[in-house]
Amino acid sequence: MKRLVIVAPLLLAGCASGSAYRAPALPVADAWKAAAAVPRPAAGAWWKGYGDPVLDALVEQALAGNPDVDVALARVEQARAAAGMAKAGQLPSANITGSLARSQQSLDDGLGRLSRYVPGFGRTQDRAAAAIEAGWDIDLAGGLRRGREAALADLAGAQAGTDAARLAVVGDLVDTYLGLRGSEAQLAALEARRAIAAERLGIMRRRVQTGEAAENALEEPVATLAVIDALLPQVRAGIAVAKGRLAILVGKPAAADLPELASGGAIPTAADPAAGVPSDLLRRRPDLVVAEERLRASHARVGQALGEYWPKISLSGLLGFATNTLGTFGSSDSATAQGAVGLRWRLFDFGRVDAEIRRAKGAEKEALASYRGSVLRAGEQVESAFARLAAARSALTARQSQAAALARAAERAGKAFGVGEISRDQLRAAQAVRIDGVDAVRDAEVEVARAVLACHRALGG
């Protein structure tokens with residue numbers, strides 16, 4: 001019998017609920033198709049690759065003041081507290097209790113009535129008590145340990161969620177900033193084109209007045225100027241909206257001024273990011289880390305549910321003093337002690353336990369399917385982002401060749417005008433076409449910069 005008492009806890013511990021977590025087989029390719037497998041650098045400030053000090057300053061403000069980042073950090077604090085509570089649940093606990101009271105019994109109720117008939121039985125009673133109470137839930141089946149594993153996985157997931165929030169905020173900020181710089185360049189081009197269109201309209205009006213051209217010759221320059229005048233308010237509004245969005249992203253009201261943007265700037269450019277190998281995504285993309293930690297937590301909770309099959313044993317004890325006479329408090333006569341072994345076993349509740357286990361296993365299956373789906377989507381996003389980047393760079397090269405040809409044509413037109421071979425109107429037409437070529441290059445540069453951003457987002461930063 002004595003051996004059974006010693007061996008039984010060991011047997012129960014050997015049947016610890018659940019199993020250790022093992023990373024599942026995932027649909028990860030061996031190599032990329034569209035991206036070069038250049039080893040990735042250590043995680044860092046990837047946005048600095050654009051080489052734009054204004055952008056760097058805005059990102060620093062966003063990381064320090066964006067509410068979404070603050071929300072993610074608050075979730076980390078909650079998860080850390082939950083993990084601490086789960087750890088504390090595995091350890092013994094102790095409380096100090098004490099009381100000091102005086103009560104007066106009614107002479108017409110309960111024991112107070114005895115004071116009329118029993119000499120020395122006073123209606124006024126004093127009571128003093130103080131004790132140290134200790135307890136310990138013995139984790140024989142490992143349910144508490146699995147609960148702590150789940151809490152630690154939740155904490156790791158919350159920390160990765162903070163990285164995901166930072167990536168989302170910085171990604172939105174960079175995208176908005178690129179759009180702002182593109183709109184500013186577009187505004188400058190539109191204003192230059194408007195000046196040329198207004199001058200050409202003036203030239204045509206003089207030609208009509210002198211009879212060199214028919215009245216309907218004004219229709220084209222008037223329409224061109226009207227189109228530009230219609231676009232200008234839209235572009236200016238887009239710039240204002242982008243600045244308001246940037247203010248919100250850095251944690252300020254939309255109407256706040258951002259001094260960093262006052263002087264304008266060029267469209268930032270960046271080199272292609274290193275893609276590494278597909279398996280790098282599992283540890284570099286925050287959303288995939290979050291997905292795996294959810295799977296890890298759900299696996300641990302299956303073990304926690306399985307622990308409900310086993311008896312729960314607890315130890316408790318009490319040491320202290322209790323007396324109805326204050327003068328004897330602390331004496332050996334007032335000392336009190338208690339020790340107990342508790343048992344709780346859901347012996348006739350296995351149907352409910354079975355249901356809890358099925359629910360936990362269902363949650364684990366859901367987490368696994370979600371993790372696998374996230375891995376598939378992440379791989380597709382990387383391939384698509386690098387394919388779009390290659391196409392954007394190809395388009396930029398073509399646009400630059402076009403702009404160079406138009407610039408040479410405008411230069412020749414300037415020389416021809418200088419010797420009187422062409423009119424001023426023809427010169428301005430060539431210059432307007434050159435501006436269109438520069439504008440097309442600007443659009444292509446923005447697309448390349450955004451394609452680089454998409455690659456960084458797909459890779460996890």
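Helix 7 passes helix 8 in a left-handed crossing, a crossing being left-handed if the near helix is turned anticlockwise from the far one by less than a right angle, and right-handed if clockwise. The structure is a predicted model, in which local features need pLDDT of at least 70 and side-chain atom pairs count only at pLDDT 80 or more, while totals for chains, interfaces and linings use all residues. Residues are numbered from 1 along each chain as its sequence is written, and side-chain values use heavy atoms, with hydrogens and water left out.

Two packed helices are described by the angle between their axes and the distance between the axes. The axes are lines fitted to C-alpha atoms, for helices over the stretch in contact, and angles run from 0 to 180 degrees between N-to-C directions.

Helix 7 and helix 8 pack with their axes 8 Å apart and at an angle of about 165°, and they are therefore roughly antiparallel to each other; angles under 35 degrees count as roughly parallel, over 145 as roughly antiparallel, 65 to 115 as roughly perpendicular and the rest as oblique. The residues of this contact of helix 7 with helix 8 divide into 15 nonpolar, three polar and six charged. In this division Ala, Val, Leu, Ile, Met, Phe, Trp, Tyr, Cys and Pro count as nonpolar, Asp, Glu, Lys and Arg as charged, and the others, Gly among them, as polar.

Helix 7, which spans residues 286–306, also meets helix 4, which spans residues 143–209, and the axes of these two helices come within 8 Å and cross at roughly 165°. Helix 4 and helix 7 are therefore roughly antiparallel to each other, and helix 4 passes helix 7 in a left-handed crossing. In the contact of helix 4 with helix 7, the residues comprise 11 nonpolar, six polar and seven charged.

A further contact joins helix 8 to helix 9 (residues 424–459), where the axes come within 8 Å and cross at roughly 165°. Helix 8 and helix 9 are therefore roughly antiparallel to each other, and their crossing is left-handed. The contact of helix 8 with helix 9 has 26 nonpolar, five polar and seven charged residues.

Strand 1 pairs with strand 2 (residues 124–138) in the antiparallel sense over 12 bridges; within strand 2, Ala 134 stands opposite Ala 94, and Thr 124 is the bridge partner of Gln 104. Strand 2 is joined in turn to strand 3 (residues 312–323) by 11 bridges, the two strands running antiparallel, with Ala 129 opposite Ala 322 of strand 3 and Gly 135 opposite Ser 316 of strand 3. Strand 3 and strand 4 pair in the antiparallel sense over 10 bridges, and Gly 320 stands opposite Thr 336 in strand 4.

Two loop residues complete the description. Arg 346 is found in the loop between strand 4 and helix 8 (350–418), and at 15% relative accessibility Arg 346 counts as buried, where buried means under 20% relative accessible area, exposed over 50% and partly exposed in between, with a 1.4 Å probe and protein chains only. The side chain of Arg 346 is joined to that of Glu 308 by a polar contact of 3.0 Å and to that of Glu 356 by a polar contact of 3.4 Å. A polar contact is a pair of N or O atoms within 3.5 Å; within protein, one must be able to donate a hydrogen and the other to accept it, and residues adjacent in sequence count only if both atoms are side-chain atoms. Pro 273, found in the loop between helix 5 (219–249) and helix 6 (281–284), is buried, with a relative accessible area of 10%. The C-alpha atoms of Pro 273 and Leu 453 are separated by 9.0 Å, although these residues are 180 residues apart along the chain.

Key: Pairing = 2+ DSSP bridges. Helix = DSSP H or I, 4+ residues; strand = E, 2+ residues; numbered from the N terminus.
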